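Please open the structure in your viewer and keep the selection panel at hand.

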2 protein chains.
Amino acid sequence: MKVRVTVMLKDGVLDPPGKAIGHALHTLGFANVGEVRAGRVIELELDETDAARARAQADEMGRQLLANLVIESFETEVLA
Amino acid sequence: MKVRVTVMLKDGVLDPPGKAIGHALHTLGFANVGEVRAGRVIELELDETDAARARAQADEMGRQLLANLVIESFETEVLA
């Protein structure tokens, strides 16, 4: 199964890359852009046929390695 | 509306961060992890009430700034 883990900074944590992207979009003429947050996404191929187990594994990977839970939160989804 | 742009390296483009994550997960005991791809996600607040227009704008931002279309592809979705 393929799973996706999306890691974002928690609300309130400063996000300089997101700010830079927002400024760049304004410069390009996208005037209606408000807050921008930048994060990471990790797609993993798991040798696992059960979607619930695959997702539980992805959750565990997020907790152990993929996200820094002090400043980041993550969500997981099973893609296929 | 809130939109999300997910940027991934195209298939066939080397992804050293993805490889590093895969190795780290194996070291942690996640033995059934296959290919790992790492990408970026950008969440944007748009001052726009029409979902189709918001998505069209996000597509344009992806083409102009957020993705390097030589080596990356991107997808957009409207979150709310």
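How much area do chain A and chain B bury between them? The two chains bury about 2,600 Å², 62% of it on carbon and sulfur atoms; buried area here is the accessible area (1.4 Å probe) that two parts lose on being put together, summed over both. This is a predicted model, in which local features need pLDDT of at least 70 and side-chain atom pairs count only at pLDDT 80 or more, while totals for chains, interfaces and linings use all residues. Residues are numbered from 1 along each chain as its sequence is written, chains are lettered from A and ligands numbered from 1 in the order in which they are written, and side-chain values use heavy atoms, with hydrogens and water left out.

**The interface.** Select Phe30(A), Asn32(A) and Val41(A): within chain A, these residues lose the most area to chain B, together 21% of what that side buries. Across the interface, 33 residues of chain A are in contact with 33 residues of chain B, where contact means heavy atoms within 4.5 Å.

**Chain A as a whole.** Next, colour chain A by secondary structure. Its elements run β-α-β-α-β from the N terminus, with helices (H or I, at least four residues) and strands (E, at least two) taken as DSSP runs and numbered from the N terminus. The radius of gyration of chain A is 16 Å, well over the 12 Å that the globule rule gives for 80 residues, so the chain is more spread out than a compact globule. That radius is taken over C-alpha atoms, and the rule is 2.2 Å times the number of residues to the power 0.38. Along the principal axes, the C-alpha atoms of chain A fill a box of roughly 45 × 25 × 15 Å.

**Glu43(B).** Now select Glu43(B), in strand β2 (residues 33-46) of chain B. Is this residue buried or exposed? Glu43(B) is buried, at a relative accessible area of 8%; buried means under 20%, exposed over 50% and partly exposed in between (1.4 Å probe, protein chains only). Beyond its neighbours within four places in sequence, Glu43(B) has contacts that include Met8(A), Arg37(A), Lys2(B) and Leu79(B). Its C-alpha atom is separated by 9.8 Å from that of Ala58(B), 15 residues apart along the chain.

**Leu14(A).** Finally, move to the loop between β1 (2-9) and α1 (16-27) of chain A, where Leu14(A) lies. Leu14(A) counts as exposed, at 72% relative accessibility.
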